[in-house]
Amino acid sequence: MKKLSLLNHVYQNTQMGVESLPLLAAKSQDCTFRQAVGRQWKEYRELNRQAEELLRKKQIPVRDVGNAAKMSATVMTNMRTLMDRTTSHLAEMAIQGNTMGVTQITRALHEDRDSDPESRALAERLLQATDRNLQDLRKFL
């Protein structure tokens, strides 16, 4: 299997956020939490758009997150919120998702040290956004 470009890592990472955050927000009764998740969703959507635009500009094939991964995330979110829809639990789930994203994009940055500055800058922006998200979400624990 061909190694993913750094940009595709950014694209897939943000795509998972764009796909999963609305589902998590819909489970919450807390307006402040929903607003925080909504801000994160908008930021991921914009980073996702920029990653896709750069992929196309650089003529790199866009690699979507597989349907199995999307379905798995949806099923897991639904299962994990069946018994506990507290804001604290939802925040914990979002923190876990953000932490996985940080791990994946950090690994991609380390593995693809030769990527172009534009791609690296976008990946770094994603890391910064995720760090802000983690700070914001901790308030809800």
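**Helices, core and pocket in a predicted model**

Thr14 counts as buried because its relative accessibility is 0%, where buried means under 20% relative accessible area, exposed over 50% and partly exposed in between, with a 1.4 Å probe and protein chains only. The model is predicted, so local features need pLDDT of at least 70 and side-chain atom pairs count only at pLDDT 80 or more, while totals for chains, interfaces and linings use all residues. Residues are numbered from 1 along each chain as its sequence is written, and side-chain values use heavy atoms, with hydrogens and water left out.

Thr14 lies in helix H1; helices (H or I, at least four residues) and strands (E, at least two) are DSSP runs numbered from the N terminus. Leaving aside neighbours within four places in sequence, Thr14 is in contact (heavy atoms within 4.5 Å) with Tyr44, Leu47, Asn48 and Leu126. In the segment before H1 sits Ser5, which counts as buried because its relative accessibility is 19%. Residues up to four places away not counted, Ser5 touches Leu55, Ile60 and Asp112.

The next topic is the nonpolar core. In soluble globular proteins, nonpolar side chains tend to be buried together. A nonpolar core is here a set of buried Ala, Val, Leu, Ile, Met, Phe, Trp, Tyr and Cys residues joined through side-chain atoms within 4.5 Å. The largest one has 31 residues, and those with the most contacts inside it are Leu6, Val10, Phe33, Ile105, Leu122, Ala123 and Leu126. At least two residues of this core come from each of H1, helix H2 (31-57), H4 and helix H5 (117-138).

Phe33 is buried because its relative accessible area is 0%. Apart from residues up to four places away in sequence, Phe33 touches Leu24, Ser28, Thr87, Leu90, Ala91, Leu137 and Phe140. Rings of Phe, Tyr and Trp (its six-membered ring) pair if their centres lie within 6.5 Å; planes under 30 degrees apart count as stacked, over 60 as edge-to-face and the rest as tilted. By this rule the count comes to 1 aromatic pair. Phe33 and Phe140 form it, edge-to-face, at 5.3 Å centre to centre and 85 degrees between the planes. The pair links distant parts of the chain, with Phe33 in helix H2 and Phe140 in the segment after H5, 107 residues apart. Phe140 counts as buried because its relative accessibility is 13%.

Lys139 also lies in the segment after H5, but counts as exposed because its relative accessibility is 65%. Lys139 and Phe33 are 106 residues apart in sequence and 9.4 Å apart in space, C-alpha to C-alpha. Gln59, found in the loop between H2 and H3, has a positive phi of about 55 degrees although it is not a glycine. Gln59 is exposed because its relative accessible area is 72%.

The last topic is the pocket. On a 1 Å grid over the protein atoms alone, a pocket is an open set of points where a 1.4 Å probe fits, with protein on both sides within 12 Å along at least five of seven lines; lining residues have an atom within 4 Å of a point. The largest pocket has a volume of about 790 Å³. Of the 26 residues that line it, the closest to its centre are Met16, Ser20, Ala73, Gly97 and Met100. Helix H1 (6-26), helix H3 (67-80) and helix H4 (87-111) are the elements that give two or more residues to this lining.

Technical notes
Grid points are joined across faces, edges and corners, and a volume is the space filled by probe spheres set on the points.
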